[in-house]
Amino acid sequence: MKRAYRSKKESTLLMLSFIKTSGFLFILFSLLVLSVCLNPSSQNPIVAQSAVGFIDTELQYTLSIVQTKGSSIRADEKTIYSGTFDLVIQNDKGTETSRRSLNQSFGNKDLLFDGPVNLILNDYNNDNLLDIPIGLPVNDGSGEYKYHIFSVGKDGKIFSLPIKGYKEEGFVYTAAGSYSIEFTRTGGIGEGKSPGIVIGVKNNGGGFEPAKYVWDGKLFKFEKESPFIISKAVLDANNDKYLITVIQTEYKKPLTPDEQGFSIFESMYRGRFDLQIQNSSGKVTSRVSLNNYFGNDELSCGTFPLVFKDYNKDGHYDFAIGRPGKSSPEFQYVLLSVNGEGIVYNLPAIGYKEDGFIYSAETQAGFSLLDDGETSIGVTLSNFNGYGFGYGYGKYLWNGSQFVFSDKASIEKSDGVTKIYQDKRFDFSVEYPVEWTAIMETYIEPTAEHNASPDSGINIYVDGKQVERIYVFGQVSHIRPTIDGFHREEFTTNSGLKGHLYSDEIDGKRHIDLILGEGYHGANVRISPECFNQNKERIMEVLKSIKI
């Protein structure tokens, strides 16, 4: 019934390149692996290639890893190169401006690269020049890679950033698994601290603990802190000043663009984290694992900002800790609070996607308090509408014990036996058994960049099973049957609204499409024959309860 272009859950996005700017930061990632391509000038295989630009000039160079001598074999859909390699810079006219031997940088021995090699560029010392980490396994049992950090000047010349303080000088050592990496950056512009990069070093327990290299204006120096604090803020509450810190206790290597689950929002801190509360005398009043709030999963996030507000108006300040959603364009937040004794506790949230979390497309971990006569917070929702990502709005209402999600365009009521969903945007309602679960499909407002979603409504899950679904909705255009040739019969709701019911069985599923009135309201049912036979009367009562 819903149009084919509305298939957000089946849509996948392939990101081949991105550009991100922040202050003077300029990042350009490009994957141009040409395993069978030849360098026009040298006729040598190009192992990897990327563009290099500058924020304050139109100059552009091309950086390549070129095999100058050796061999290559094809295995497991990869090309394995071995031998000698140069790092080559060419200007926009193809003229070579600089060349550096990678083998000399790594001890004058033959090197090996498994293609494809992704070159990842960033400015790590805040000199407005892009830096390129290139590394190889240490092979000493530590699981670490060692990286040389190259940079390209505006004159097109290659140079190396000096590094010292941990193992061999000239290299950054860290737990990793790729030939180029985007290091997690700390400090720098706007933070009042020297720029640095976060790394992971082997600990006695067999895992990795966080450490960092800090730029002192001339070189990167290794530093190891305990505890390793990611974020901190002071909360003035309950006649005390509490120091709240997020501490990284275990380091996991950042994901690379070619790894499953990579996100530009997850390319920084990754691993295990604790939240610690200290009072003004320095006593630790509470310390909890943040991972436990997320199912004890490994956490990945860009940062952990701490923003304090009293969201449920109980006199205690609350704050949110979030991460990018696993299968959602929104962030997934847990809402935490600190009581009068300095103990941290969780504020429950239900009703939208996975219970226990606040969902919002905002990334600053702060929500707006709504002035609607209720205790509620506003969130921005995001959805893929078939053309691109659009945005809408929703709210979480505090009912005295938990936050309950409510689409601003809908209302849910219950008499204890049935629930009534009312959709204000498309002006319809439907009733369903109170023991069945449901998730609202939020209408996405149009923006300059994104189209509006074509419909909104409610997904009702028979017996709480998401594979047994009834979707009741309103649509901005006329609804059409999903497939021509369905069996058609007339249908009348309890309120006398007339329409047509289309039904058939396809691929072991019972398909029912309902079109009501003038064709802007309807429902579709996708359910197994067994479930339909067991719940036929109740399913038909749901459809008959629709009012416009």
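Visitor: Which residues does D131 touch, leaving out those up to four places away in sequence?
Guide: This is a predicted model, where local features need pLDDT of at least 70, side-chain atom pairs count only at pLDDT 80 or more, and totals for chains, interfaces and linings use all residues. Residues are numbered from 1 along each chain as its sequence is written, and side-chain values use heavy atoms, without hydrogens and water. Contact means heavy atoms within 4.5 Å. On that basis D131 touches I120, L121, N122, D123, Y124, N125, I149, F150, S151 and L161.

Visitor: Which side chain makes a polar contact with the side chain of D131?
Guide: A polar contact is a pair of N or O atoms within 3.5 Å; within protein, one must be able to donate a hydrogen and the other to accept it, and residues adjacent in sequence count only if both atoms are side-chain atoms. For D131 the distance is 2.8 Å, and the partner is S151.

Visitor: In which strand is D131?
Guide: Strands are DSSP runs (E, at least two residues), numbered from the N terminus. Residues 131-137 form one such run, and D131 lies in it: strand β8.

Visitor: In what order do the 7 strands of the open sheet stand?
Guide: Two strands pair if DSSP finds at least two bridges between them. Here the pairing is antiparallel, and the order is β34-β35-β36-β40-β39-β38-β37.

Visitor: Which are the edge strands?
Guide: Each edge strand pairs on one side only. They are β34 (437-441) and β37 (487-492).

Visitor: How many bridges join β39 to β40?
Guide: Strand β39 covers residues 509-516 and β40 covers 521-527. R510 stands opposite I527 in β40. The two strands run antiparallel, and the bridges number 7.

Note on methods:
Helices (H or I, at least four residues) and strands (E, at least two) are DSSP runs, numbered from the N terminus.
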